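Open the model in your viewer and keep the selection tool ready. We will take in the whole chain, then visit single residues one by one.

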Amino acid sequence: KLHGIKALRECRDITIRNCTVNSEEFGWKCENITVSDSGMKSAYLFLDSRDVTLDRVKMKGKYSFQYMENLEIRDSDLDTKDAFWHSKNVKVYDSIVKGEYLAWFSEGLTLVNCKIIGTQPLCYCKNLTLVNCTMEATDLAFEYSDVEATILGHVDSIKNPRSGSITVDSVGEVIMEDAVMECTGKVVIREA
């Protein structure tokens, strides 16, 4: 059990396995960390860290994974507001990602076979890729993002994607108005 505040600060080459973490400000400015089969509760989890791998992790918090580089997440359940802000080179596979304002200003984020839940996700992103993901209660998605996405199922609304293509089964509303920059992104609805 890791239950102290500010645990792991400016550390490197760490392995965490079968642990429970309840630590505000956990893992700041760290490098080369692997976490598996663990539960985590934290604010600003792994702020400004690099080369981190999470596998089968259940986490709850807010402002997680900000300013991170080289993060890989697999088979995990993330419940966190404002996750992945300003992150670079993040890959998430087969996971649930729940929380509002997901991944704003991220660069090189890839989500594969993930379930995304929450308002205004994936805005202001560069080089954003979604492959066979589902979205639930996601409105005003992809605003000003450069995106290539295949979404299975329904998206509540998509607003002003900057470039790229978003393929969906259905969408409640596509909003292409009042943009502050040129937006050429396309929304393609699959034919039944």
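**The whole chain**

Start with everything shown. Buried residues make up 46% of the 192 residues in the protein chain. Keep in mind that this is a predicted model.

Switch to a cartoon view. The protein chain has 16 strands and 0 helices. Its radius of gyration is 17 Å, close to the 16 Å that the globule rule gives for 192 residues, so the chain is as compact as a globular protein of that length. Turn the view along the principal axes: the C-alpha atoms fill a box of roughly 50 × 30 × 20 Å.

Now think about how the chain touches itself. Take the contacts between residues at least 6 apart in sequence: 3% of them join residues at least 24 apart.

Show the surface next. The protein chain exposes about 9000 Å², and carbon and sulfur atoms supply 46% of that area. Then colour by charge. There are 23 positive and 30 negative charges, and their mean positions lie 6 Å apart.

**The nonpolar core**

Hide the surface. In soluble globular proteins, nonpolar side chains tend to be buried together. Here, the largest nonpolar core has 47 residues. Select Phe46, Phe65, Phe84, Leu111, Leu122, Leu130 and Phe142, which have the most contacts inside this core.

Zoom in on phenylalanine 65. Which residues is phenylalanine 65 in contact with, leaving aside its neighbours within four places in sequence? They are Leu45, Phe46, Leu54, Leu71, Ile73, Leu78, Ala83, Phe84, Trp85 and Ser87.

Step back one residue. Serine 64 lies in the loop between strand S4 (50-62) and strand S5 (69-74). Is serine 64 buried or exposed? Its relative accessibility is 0%, so serine 64 counts as buried. Not counting residues up to four places away in sequence, serine 64 touches Leu45, Met59, Thr80, Lys81, Asp82, Ala83 and Phe84.

Draw a distance line from serine 64 to glutamate 191. These two are 127 residues apart along the chain, and their C-alpha atoms are separated by 37 Å.

**Cysteine 123**

Jump to cysteine 123, in the loop between strand S10 (115-117) and strand S11 (128-136). Cysteine 123 has a relative accessible area of 0%, so this residue is buried. Show what surrounds cysteine 123. Beyond residues up to four places away in sequence, cysteine 123 touches Leu102, Ala103, Trp104, Phe105, Leu140, Phe142, Glu143 and Ser145.

Pick serine 145 from that list. Cysteine 123 and serine 145 are 22 residues apart along the chain, yet 5.5 Å separates their C-alpha atoms.

**Two strand residues**

Select alanine 43 in strand S3. With 7% relative accessibility, alanine 43 counts as buried, because the cut-off is under 20%. Past its neighbours within four places in sequence, alanine 43 is in contact with Glu24, Glu25, Phe26, Trp28 and Lys62.

Move to serine 157 in strand S13 (residues 154-159). Serine 157 counts as buried at 6% relative accessibility. Leaving aside neighbours within four places in sequence, serine 157 is in contact with Thr138, Asp139, Leu140, Ala141, Val171, Glu173 and Ile175.

**Two backbone angles**

Most residues other than glycine have a negative phi.

Select lysine 29, in the loop between strand S2 (20-22) and strand S3 (31-43). Its phi is near 55°, a positive value. Lysine 29 is partly exposed, with a relative accessible area of 46%.

Then select tyrosine 101, in the loop between strand S8 (96-98) and strand S9 (107-112). Tyrosine 101 has a relative accessible area of 24% and is partly exposed.

**Last stop: alanine 179**

Finish in the loop between strand S15 (170-175) and strand S16 (186-189), where alanine 179 sits. At 36% relative accessibility, alanine 179 counts as partly exposed. What does alanine 179 touch, not counting residues up to four places away in sequence? Select Tyr144 and Asn160 to see them. Then find cysteine 125: alanine 179 is 54 residues away from cysteine 125 in sequence and 15 Å away in space, C-alpha to C-alpha.

Terms used: Residues are numbered from 1 along each chain as its sequence is written. This is a predicted model: local features need pLDDT of at least 70, side-chain atom pairs count only at pLDDT 80 or more; totals for chains, interfaces and linings use all residues. Side-chain values use heavy atoms; hydrogens and water are left out. A nonpolar core is a set of buried Ala, Val, Leu, Ile, Met, Phe, Trp, Tyr and Cys residues joined through side-chain atoms within 4.5 Å. Buried means under 20% relative accessible area, exposed over 50%, partly exposed in between (1.4 Å probe, protein chains only). Contact means heavy atoms within 4.5 Å. Helices (H or I, at least four residues) and strands (E, at least two) are DSSP runs, numbered from the N terminus. The radius of gyration is taken over C-alpha atoms; the globule rule is 2.2 Å times the number of residues to the power 0.38. Accessible areas come from the Shrake-Rupley method with a 1.4 Å probe; for residues, only the protein chains shown count as cover. Lys and Arg count as positive and Asp and Glu as negative; His and the chain ends are not counted. The place of a charge is taken as NZ of Lys, CZ of Arg, CG of Asp or CD of Glu.
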